[in-house]
Amino acid sequence: MRNRIVMLVDLDYFFAQAEETRNHSIRDKPVVVCVYSGRSENSGAVSTANYVARKLGVKSGMPIALAKRKLQNVDAIFLPVDEAFYEGISSRIMSILRDYSDRFEQVGIDEAYLDVSQRTNGSYEEAAGLARRIKDEIVKQHGLTCSVGIGPNKPIAKIAADIKKPDGLTVVRPEQTVEFLSPLPVERLIGVGVKTAEKMRALGVATIGNLAKRDVQGLIDVFGKKLGLYFHNASNGIDEEPVQEREEAESISRISTLKENTRDLSLILEKTNQQCEEIQADLENSGLNFKTVTVIAVMEDLSIRSRSRSLEKNTNRTEVLKGTVNGLFGKFLEEFNLEVRRVGVKVSGLAKDEKSQKQLTSFIKQG
Ligand code: DCP
Ligand code: CA
Ligand code: CA
């Protein structure tokens, strides 16, 4: 049987690196991307930070105030998250990755598994070359680095990608898996959290190698059948989960902050029209159309409001989307008396576009 080869591609310090691409001058400074809760100036949490900031002790999930203390004597850049901007980059990179894979599975905004067994003919050598080409293309097209792990299955590819960051490329051949996994702490395995790790440590199991040497029945006695078996297999580098396309997105949305709070419909529509066009591009790329349109607004007092309208039948026409959004926001402003701070558009009730379906069938028939 041919080698199975799975690749995990994960973008480095994604939100912060995305910010660096639109403002090169912040590159060498600590960059911290924040989710501001809006309650007071520094309330909220760090979403992510570049490696300059990480060296100074800043981490994802940390309170913004703490990050500011860690960086108080340096020229650091604090920015609010801009999901729409990152989503846009992400979807363009994902479509590059999809083109490089036999089978593709996106698992987060900045990472995906690629099954490349077929196109590399089971050669790890070729897979490494392919990974280098992918890395080059993402740098060339988007100016972003990523870290790649290559292995015989998903968990090994994932652990391999995490081992060397940023801009890493780690290849673990089937015959190297035991040697690769053995010295790593058990927490590296998916499903081993702090509590389980403690329990394992109490049994004298600290590394994946220790775990692999345990008798399966002993593990089943302690953790139950399902988990015991899983730990046994995982620590021995065994995993059969296929790389599988996820279900279609149930909705596509964009949200962003207005330059200033406003009740001016034309200013709002300027932003939402842009969002509608981005959504339309996503729909087009995935051959989908929509039935329901939702407008979302974060008001000046940070309350969130939304209004929806469902159409008679599915469509993917931008004019219909823009028109519906226009109508909904017009009514919306009559209904609420506050100024609007952030606006968003969401389409749902997604279905495969018949036209693209037909094209696909006729394409198959011809082929
Ligand atoms: N993210 C977040 N809050 C967290 C973790 C992550 O908002 N607690 C967001 C910001 C990250 C993005 O998700 O940029 C991707 O998460 P990763 O865990 O892949 O982390 P990064 O890409 O930031 O860093 P790394 O270079 O370690 O992959
Ligand atoms: Ca990442
Ligand atoms: Ca990630």
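1. The contact of Ser-47 with ligand 1. In this predicted model, a polar side-chain atom of Ser-47 is placed 2.8 Å from an oxygen atom of ligand 1. This is a polar contact, that is, a pair of N or O atoms within 3.5 Å; within protein, one must be able to donate a hydrogen and the other to accept it, and residues adjacent in sequence count only if both atoms are side-chain atoms. Tyr-13 contributes a polar backbone atom, which is 2.7 Å from an oxygen atom of ligand 1. Asp-110 contributes a polar side-chain atom at 3.0 Å from an oxygen atom of ligand 1. On its own, ligand 1 has 550 Å² of accessible area, of which the protein covers 67%; such areas come from the Shrake-Rupley method with a 1.4 Å probe, and for residues only the protein chains shown count as cover.

2. Basis of the note. Residues are numbered from 1 along each chain as its sequence is written, while chains are lettered from A and ligands numbered from 1 in the order in which they are written. Because the model is predicted, local features need pLDDT of at least 70 and side-chain atom pairs count only at pLDDT 80 or more, whereas totals for chains, interfaces and linings use all residues; side-chain values use heavy atoms, with hydrogens and water left out.

3. The shell around ligand 1. Which residues come nearest to ligand 1? Of the 13 residues around the ligand, they are Tyr-13, Ser-47, Thr-48, Arg-54 and Lys-165; a residue is near if one of its heavy atoms lies within 4 Å. By class, the shell has 5 nonpolar, 3 polar and 5 charged residues. Here Ala, Val, Leu, Ile, Met, Phe, Trp, Tyr, Cys and Pro count as nonpolar, Asp, Glu, Lys and Arg as charged, and the others, Gly among them, as polar.

4. Two backbone features. Tyr-13 has a positive phi of about 25 degrees although it is not a glycine, and this residue is placed in the loop between S1 and H1. Helices (H or I, at least four residues) and strands (E, at least two) are DSSP runs, numbered from the N terminus. Lys-165 is joined to Pro-166 by a cis peptide bond, with omega about -5 degrees. Pro-166 belongs to the loop between helix H6 (154-163) and strand S8 (169-171).

5. The sheet of 3 strands. This open sheet has mixed pairing and the order S3-S2-S4; two strands pair if DSSP finds at least two bridges between them. S3 and strand S4 (77-80) stand at the edges with a single partner strand each, so one side of each is left without a neighbour in the sheet. From one strand to the next, the twist averages 35 degrees. Strand S2 (residues 31-36) pairs with S3 in the antiparallel sense over 5 bridges, and Val-35 has Ala-45 in S3 as its bridge partner. S2 pairs with S4 in the parallel sense over 4 bridges, with Val-31 opposite Ile-77 in S4. Helix H1 packs on the sheet, touching S2, S3 and S4, where contact means heavy atoms within 4.5 Å. The direction of H1 makes about 115 degrees with that of S2; axes are lines fitted to C-alpha atoms, for helices over the stretch in contact, and angles run from 0 to 180 degrees between N-to-C directions.

6. The sheet of 5 strands. What is the order of the strands in the open sheet of 5 strands? The order is S5-S6-S1-S7-S8, and the pairing is mixed. Strand S5 (103-108) and S8 stand at the edges, each with a single partner strand, so one side of each has no neighbour in the sheet. S7 (residues 146-151) and S8 run parallel and are joined by 3 bridges, and Ile-150 stands opposite Val-171 in S8. Helix H5 (residues 124-142) lies across S1, strand S6 (111-115), S7 and S8, at about 165 degrees to S7. H6 lies across S1, S5, S6, S7 and S8, at about 140 degrees to S7.

7. Asp-239. This residue lies in the loop between helix H11 (225-235) and strand S9 (251-262). Not counting residues up to four places away in sequence, Asp-239 touches Arg-4, Asn-153 and Pro-155. The C-alpha atoms of Asp-239 and Asn-153 are separated by 6.1 Å, although the two residues are 86 residues apart along the chain. The side chain of Asp-239 also reaches the backbone nitrogen of Glu-241 at 2.9 Å.
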